[in-house]
Amino acid sequence: MKKVVALILAAIMALSLAACGGQAAAPAAEAAAEEGGKKVQKIGLCMPTKEQTIWTMQGERLTEALEKAGYEILIEYAEDDSAKQNMQIENMITKGVDMLIIAAVDCGALTEVCEKAKAEGIYVIADDRGITNTEACDWYVTCDYNRLAEMQGQYIIDALDLDNAEGPFTMEIFAGSQDDTNSIVFYNGQMSKLQPYVDSGKIIIKSGQNGAAECAIQSWDSAKAQSRMDNLLSGFYSDEPLDVCLSTADCLAIGCISSLESMGYGTDEKPFPIITGQDAELAAIKNIVAGKQTMTVFIDATLLAERMVELVAAINEGKELTPDGEFDNNVKKVPALYYDPFVIDKDNVDHLIDVGFYTKEEVYG
């Protein structure tokens, strides 16, 4: 199997996925089969937590789609505990899974267990969070997170009409947890849109805290986001309002909203700032309906499941798949398949009902 990985890596690197050209096709699984690779029948799904709707929904949609396609599924949630997730993966290896689909708690803490899986001939697929520092990762299936982050930035630009409005407008940033490889992608995508307005002075970050690390909220913790917003509002916004809360995810927006409400926001005299998010958590959707949160970005677990079924089928049937991109995990460039995000605000919140993500009663009840 090590030889297989080497062959795959060599082929991918030799074909060099060009940013402006066509993507190179990943080697067919048939080649792996010729070298002793095995068919996928039993799949282990490793989810980080049940505390966020996005992960429970992913677990449900992946299980449903993969079982319908004929695969046996084992699923575990790690309660945001990296050591527990490692143990769960060890147990899945012992139970004889042919493939691991891992949404990592800590993207850099899976090197040893993933390499153990590869030594057993098990395919390792990263799910929505790139697994770093190991060659033992075959594919990465993810939402196009750079595009998602650009959507958040562009929404702010359009909502404030930054190209025409006089300004300046105040903004504070709530970035993702630093142990999540996606956090820097989110920050870079957001700021690729917004940094020119910061540089020109049309957007002012009064705290001066504008780097990904200093704005990070560890473990995506709502309470930590609330505490940080409390400090920002009392320290920098006692004499003027905050216009924009660039919150990377709904779980952070929820904490920020609690803080803003405690400081008197949410009235005609002191309206909520523009507040962004992602994941379309039910609490966030209710906040959008109530006029508290401005927007979120919907990451459709059904589209993820479709791409994952496509990938597993290709491996079993020996078909070539063309990657949509690649993820540099510090050791290798992992071929990636993307699915598209979707902006949700008060004008189109019913989209979530139309696609069956929530019921009308859940959204409006």
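Helix H6 (residues 145-160) packs against helix H7 (residues 182-200) at an angle of about 35°, with the axes 8 Å apart. Axes are lines fitted to C-alpha atoms, for helices over the stretch in contact, and angles run from 0 to 180 degrees between N-to-C directions. Helices (H or I, at least four residues) and strands (E, at least two) are DSSP runs, numbered from the N terminus. The model is predicted: local features need pLDDT of at least 70, side-chain atom pairs count only at pLDDT 80 or more, and totals for chains, interfaces and linings use all residues. Residues are numbered from 1 along each chain as its sequence is written, and side-chain values use heavy atoms, with hydrogens and water left out.

The crossing of H6 past H7 is right-handed, meaning that the near helix is turned clockwise from the far one by less than a right angle. On the H6 side, the contact (heavy atoms within 4.5 Å) includes Tyr145, Leu148, Ile156 and Ile157. Among the H7 residues they meet are Val185, Phe186, Leu194 and Tyr197. The residues of this contact divide into 9 nonpolar, 8 polar and 2 charged. Ala, Val, Leu, Ile, Met, Phe, Trp, Tyr, Cys and Pro count as nonpolar, Asp, Glu, Lys and Arg as charged, and the others, Gly among them, as polar.

**Sheets**

Seven strands form an open sheet in the order E2-E1-E3-E4-E5-E12-E11, with mixed pairing. Two strands pair if DSSP finds at least two bridges between them. Strand E2 (72-77) and E11 stand at the edges with a single partner strand each, so one side of each has no neighbour in the sheet. The twist averages 25° from one strand to the next.

A second open sheet has 4 strands, in the order E7-E6-E8-E9, and its pairing is parallel. Its edge strands are E7 (203-204) and E9 (274-275), each pairing on one side only.

| Strand pair | Bridges | Bridge partners |
|---|---|---|
| E1 (residues 42-47) and E3 (residues 99-102) | 4 bridges | leucine 45 and isoleucine 101 |
| E6 (residues 169-174) and E8 (residues 244-247) | 4 bridges | methionine 171 and valine 244 |

Helices lie across strands of both sheets. H5 (residues 111-119) lies across E3 and E4 (123-127), running at about 140° to E4. H8 (residues 222-236) lies across E6 and E8, at about 150° to E6.

**Pocket and cavities**

The largest pocket has a volume of about 350 Å³. On a 1 Å grid over the protein atoms alone, a pocket is an open set of points with protein on both sides within 12 Å along at least five of seven lines, while in a cavity a 1.4 Å probe fits but cannot get out; lining residues have an atom within 4 Å of a point. Grid points are joined across faces, edges and corners, and a volume is the space filled by probe spheres set on the points.

Of the 15 residues lining this pocket, Asn146, Val185, Glu326, Phe327 and Tyr338 are the closest to its centre. H7 gives the largest share of the lining, 4 residues. By class, the pocket lining has 8 nonpolar, 4 polar and 3 charged residues.

The structure also holds 3 cavities of 30 Å³ or more. The largest cavity has a volume of about 140 Å³. Of its 14 lining residues, Trp55, Arg129, Asp180, Gln278 and Asp279 are the closest to its centre. H3 (53-68) and H7 are the elements that give two or more residues to this lining.
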